[in-house]
Structure formats: C-alpha cells, structure tokens
Amino acid sequence: VTGDPRADGFHHQALLYATATEFVASAVPVIEGALAADEPVLVVTDSVKLDLLRDHLGSVSSGVAWKDMRGIGGNPARIIPIWRRFVATHASRGRLWGIGEPVWPGRTPEELEEAQEHERLLNVAFAGGPPFTLLCPYDTANLAPAVLRDIVRSHPFAPGDTSPQQGLGDAPFPAPVGAPLGIDLDGDVSGSIRAFLAEHAPAVTDARAADLGVSVVAVAVHMGRPDARARFRLWVEPGGVVAEITGLVVPDDVLVGREWPPAREGAARGLWLANQLCDLVRLRVTPAGGAVRLHLHIPGSGEPA
Amino acid sequence: VVVSELLSPPGDGKEPSAGADPLLPGENRRGVTLDDAEHWIAVYEELTGFLTAINGGAHVGALGRYRRRLDYWRGQWAALSTCPAPAEDTAEEQRRG
C-alpha cells in the first residue's frame, strides 16, 4: 500500500496479500484507525474474510458495515452503486473508508475483465468527491500474473506503470459459442427464452429465465434506436446462458447503468435494471452500434458464463 | 442475533409471504440491515415500476414475484426501523431460483 491514505479526495489503493494473516495484518489497523477517529468504514469482501476481520476486531466490529462481495459484486457493475450509497449516506462524517475486493481467484475471464474495468471506473465515479479512501485487496498468491499487472493501471497509488489503459468500451465481443438462436424482440421474448432454455439449459429455473426476459426487454426498450430495430440472439456456453442485444444507442458515459439512485430514463435505466437481474452484464460500442451481453449462470454447472 | 431471526423465529415453520420466492443475485435472507432493506426496496420498486410502465403482460409471473419481494422488504424495513440492526450482511442461505 503506497501513498497518503489521508490525502484529500478519492484515494484508491491496492492492498496486496498472499495469506489470510497478511490480509488481516493490513486491514485491521486501517479499520481500527478509522473507528478511533469516528470515521465510517464499509468492508466488502468474501464471507470468510469478513468473519476473520470481525474475529480480530472483537466488539468494535459492530461499528463497521459489512457486505458480502461474492453476492452483490458477482456482477461488478453492481458495486459502484454500493459505494455511492455509502458515500452519500456518510459524506458529512469526515473521511470515509472502504475495503473492497472485486477481483478474486476463480472469477471467469469475462468476470475478471469486467471487474478490472470496474476498478478503473471507480476513479471516474469518485473523482472530485468527499474524502474517501478505498483499499482493494488482491490475493497475490492465487491471482494470475496478468491480473496483478493490471492493478497499477487502475489504482493511481500503486507502484509501477500508471499510464492510462484503454477501457473495454470499444473492444469487440468474441464470437458466440455454438449456434445462437435469433429471437424477434417484437414477439414473446420471455416465452421464447423459456422454450430455448428448457431444451438447452434445463437447470435454469423459470424464474431466472423470466429475469433474463425482463432484462432483455429493459435493454431493448431503453436503448433501442428509433430508426432501426435491435437484434436479439441467445445461446448456451459452458456454465451459462448468454443473451446478446445489438444495434443499440449507448450514451457517452462510461458509468452508464452504475448510478445511484438509478436513472429514470434512457439507456442508463435499461442497463441498471439488467444489472440487478443478471449475473454479468457487458457493454460494448462498435461502429454498428451498441451491444450488450447478459449472462446467467447455470446452477450446478462448472464454470459460469 | 440477526433481525431476520427475530422476525421469523426458528422453528415456527412460517416464512413471510415472499419467503419461497427465488432471490436476485446478492439478495440475502439473513443478517440484513436497514441499508440492505432500503437497497432492495429501491431495486424492486424499479423493477415493478418498469414492468407496470410497459404494461408487460408477458411478464406477469415476474411482476408478481417482484411485488411480493417488494412487500417483503418493506416489512423488513419497518421491523428494522424499530429494533437495533446488526452490522452484518452475509450471503448465508442465499438461494437463487
């Protein structure tokens, strides 16, 4: 951890650890210092580390807010709204402190890509805001070297190369796996999704199929172009289901769909709704227009999509 | 003691009306706080508002589920507003449909 964590504004740092002992040794003093200064603390990591920290902090742990990252942060686009609520609620209480671990071993390549994008977007989301120190733990023993190398590009106070990295926005999606099914967005979208999944991914429940249907419609309604029809196709990948909507209007806002409170209109609202319902949401902008991929995990499968 | 246990004492064999509904990603049944309740109220208000606005008859099942979960979280919020809230939030018993 480098830099002055009490500097003004947003201070976004990596917290590197190789063992649980190292994690606790780094995090506990930060939390204890914040509590001693009566400054708010929110910790968002996995339940094992939450329990470790609570055990070490003892009775003072009741002064800390805790959230399980594996649930709410499975889709990284849901994380910034959590921090926004924390900042909005406590902005008058001096410096705010957060420990958030959005990147963990076992995430799929797609999730890692989006989690790293999330890390970069944090710098945009909280620039110019109240004093807020956010420490992001990274498991150096179990994360791939390429993932660890990316830390310095998203954390301004990490040592090494801090040159800006191009975001994901205009990088094309890879080709779908298998043969996608094209579905008419003017028809019974949810019925078509249910029928397709009953045949190709029967472990996905009707409720999750319905959530995917609502997400597709939300994106199409709020991001559709007035002069052209969006296109929708659906396929199954190892571990998950992917719904892709293309030919969309995407505003020039890298934080679209990650606001709190949610936007009332437009693309931001469509993406926000999809972010709440899906296990992963990915957005790209190509010369042909915006493209969104919505992912659902298949219960009981191995690697999620 | 977590508040949800106060609301549904172990062994009483009953759950809130939305207890059997699948949860959304990140939604918990136990160890919730007032902040969680406010968060999920906002989520379900947005979802029900969207489906109502588009007159989404094809999504009637989802709309009913979202409304039940909205009612559930409003009940949680009311209960948490009148008793001490635990500062914890675990993904225990997280269950998705």
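Predicted model: local features only at pLDDT ≥ 70, side-chain atom pairs only at ≥ 80, totals over all residues.
1. K67(A) forms a salt bridge with D36(B), and here the closest N and O atoms are 2.6 Å apart. Between chain A and chain B the count is 7 salt bridges, and a search of the whole structure, over all chains, gives 27. Across the same interface of chain A and chain B, 9 residue pairs are in polar contact, both residues having pLDDT 80 or more.

2. Which parts of chain A supply the side that touches chain B? At least two residues each come from α2 (47–57), β3 (65–68), α3 (69–72), α4 (79–90), α8 (206–223) and α9 (266–277) of chain A. The most comes from α8(A), which gives 10 residues. Sorted by class, this side of chain A has 17 nonpolar, 8 polar and 11 charged residues.

3. Now for the interface as a whole. The contact draws on 36 residues of chain A and 30 residues of chain B. The size of an interface is often stated as the accessible area lost when the parts come together. Here chain A and chain B bury about 2,600 Å² between them, and 58% of that is on carbon and sulfur atoms.

4. Chain A also holds a sheet that you can trace strand by strand. Its 5 strands form an open sheet in the order β6-β7-β8-β10-β9, with antiparallel pairing. At the edges stand β6 (181–183) and β9 (280–286) of chain A, each with a single partner strand, so one side of each has no neighbour in the sheet. On average, neighbouring strands of this sheet are turned by 20 degrees against each other, direction ignored.

5. For a closer look at one pairing, take β7 (residues 231–237) and β8 (residues 240–248) of chain A: these strands run antiparallel and are joined by 7 bridges. One of the residues to look for is E237(A), whose bridge partner in β8(A) is G240(A).

6. Finally, which helices pack on this sheet? Helix α7 (residues 189–200) of chain A lies across β6, β7 and β8 of chain A, running at about 20 degrees to β7(A). α9(A) packs on the sheet too, touching β9 and β10 (289–297) of chain A, and the direction of α9(A) makes about 145 degrees with that of β9(A).

Technical notes: Residues numbered from 1 in each chain as written. Chains lettered and ligands numbered in written order. Heavy atoms only, no water. Contact = heavy atoms within 4.5 Å. Buried area = accessible area lost by both parts, 1.4 Å probe. Salt bridge = Lys/Arg side-chain N within 4 Å of Asp/Glu carboxyl O. Polar contact = N/O pair within 3.5 Å; in protein donor to acceptor, adjacent residues only side chain to side chain. Helix = DSSP H or I, 4+ residues; strand = E, 2+ residues; numbered from the N terminus. Nonpolar A, V, L, I, M, F, W, Y, C, P; charged D, E, K, R; others polar. Pairing = 2+ DSSP bridges. Axes fitted to C-alpha atoms, helices over the stretch in contact; angles between N-to-C directions.
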